Amino acid sequence: MSPAPRISTLEKGQEIGSREIQLSRADLIRYAAASGDHNPIHWNERFAREVGLDGVIAHGMLTMGLAVDLVTEWVGDPGRVSDYQARFTKPVPVPDADTGAPDAPTATLHVSGKVGVVDVEASTARIDLTVSLDGTKVLVKSQVSVTL
């Protein structure tokens, strides 16, 4: 674990980092097994289309979990996260790979974080995440409260 940033060094608007996260159909199957969420919209193309989607989509909680990981690594301890909220605005489609193995990535999430609020007295900060796919935000008001 890395040491937590010092509250006294934080400023509103300060960037905490960014990353790209690649997803494959195999990732969705692994997440379904770990989470118990076996909804066929996350693995069956035909079913996803029958219910009005353009194809298979990633689990919402998988998307949130992958995004918040940026903050937990920055803060050094997931136990420092005291609140996490987000609103889903768009699904995250994960197409089947045209060729090769099912673990070939076919979608890339872009995650970046900035300090939104600093409360020196309470030793807390709010980190605002931007989570997008192909330039379109898939989560909005994605905010993580941390205790430093």
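The following is a dialogue on how to read the features of one predicted model.

Colleague: What should I know about the model before I start?

Modeller: This is a predicted model, so numbering starts from 1 along each chain as its sequence is written, local features need pLDDT of at least 70, side-chain atom pairs count only at pLDDT 80 or more, and totals for chains, interfaces and linings use all residues. Side-chain values use heavy atoms, with hydrogens and water left out.

Colleague: How many helices and strands does the chain have?

Modeller: Helices (H or I, at least four residues) and strands (E, at least two) are DSSP runs, numbered from the N terminus. The chain has three helices and five strands. Read from the N terminus, the elements run β-α-α-α-β-β-β-β.

Colleague: In what order do the strands form the sheet?

Modeller: Strands of a sheet pair through backbone hydrogen bonds, either parallel or antiparallel. Two strands count as paired if DSSP finds at least two bridges between them. Here five strands form an open sheet in the order 1-3-4-5-2, with antiparallel pairing. Strand 1 and strand 2 (81–88) are the edge strands, each pairing on one side only. From one strand to the next, the twist averages 20°.

Colleague: How many bridges join strand 2 to strand 5?

Modeller: Six bridges join them, and the two strands run antiparallel. For example, Gln 85 has Gln 143 in strand 5 as its bridge partner. Strand 4 and strand 5 pair over nine bridges, also in the antiparallel sense. There, Arg 126 stands opposite Ser 145 in strand 5, and the bridge partner of Leu 133 is Thr 136.

Colleague: Where does Lys 141 lie, and is it buried or exposed?

Modeller: Lys 141 is in strand 5. With a relative accessible area of 53%, Lys 141 is exposed. Its phi is near 50°, again a positive value in a residue other than glycine.

Colleague: Where does helix 3 lie relative to the strands?

Modeller: Axes are lines fitted to C-alpha atoms, for helices over the stretch in contact, and angles run from 0 to 180 degrees between N-to-C directions. Helix 3 lies across strand 1, strand 2, strand 3, strand 4 and strand 5, and runs at about 145° to strand 1.

Colleague: Which residues touch the most other members of the largest nonpolar core?

Modeller: A nonpolar core is a set of buried Ala, Val, Leu, Ile, Met, Phe, Trp, Tyr and Cys residues joined through side-chain atoms within 4.5 Å. The largest core has 31 residues, and Ile 127 and Leu 129 touch the most other members. Strand 1 (15–23), helix 3 (60–75), strand 3 (107–119), strand 4 (124–133) and strand 5 (136–147) each supply at least two residues of this core. Helix 3 gives the largest share, eight residues.

Colleague: What does Ile 127 touch?

Modeller: Contact means heavy atoms within 4.5 Å. Not counting residues up to four places away in sequence, Ile 127 touches residues including Ile 16, Val 71, Trp 74, Val 115 and Val 144.

Colleague: Why does Arg 25 count as buried?

Modeller: Arg 25 counts as buried because its relative accessibility is 11%. Arg 25 lies in helix 1. Its side chain makes a polar contact with the side chain of Glu 45, at 2.4 Å. A polar contact is a pair of N or O atoms within 3.5 Å; within protein, one must be able to donate a hydrogen and the other to accept it, and residues adjacent in sequence count only if both atoms are side-chain atoms. Leaving aside neighbours within four places in sequence, Arg 25 is also in contact with residues including Trp 43, Val 94 and Asp 96.

Colleague: Where does Asn 44 lie?

Modeller: Asn 44 lies in the loop between helix 1 (25–35) and helix 2 (45–50). At 17% relative accessibility, Asn 44 counts as buried. A polar atom of its side chain lies 2.7 Å from the backbone nitrogen of Phe 47.

Key:
Buried means under 20% relative accessible area, exposed over 50%, partly exposed in between (1.4 Å probe, protein chains only).
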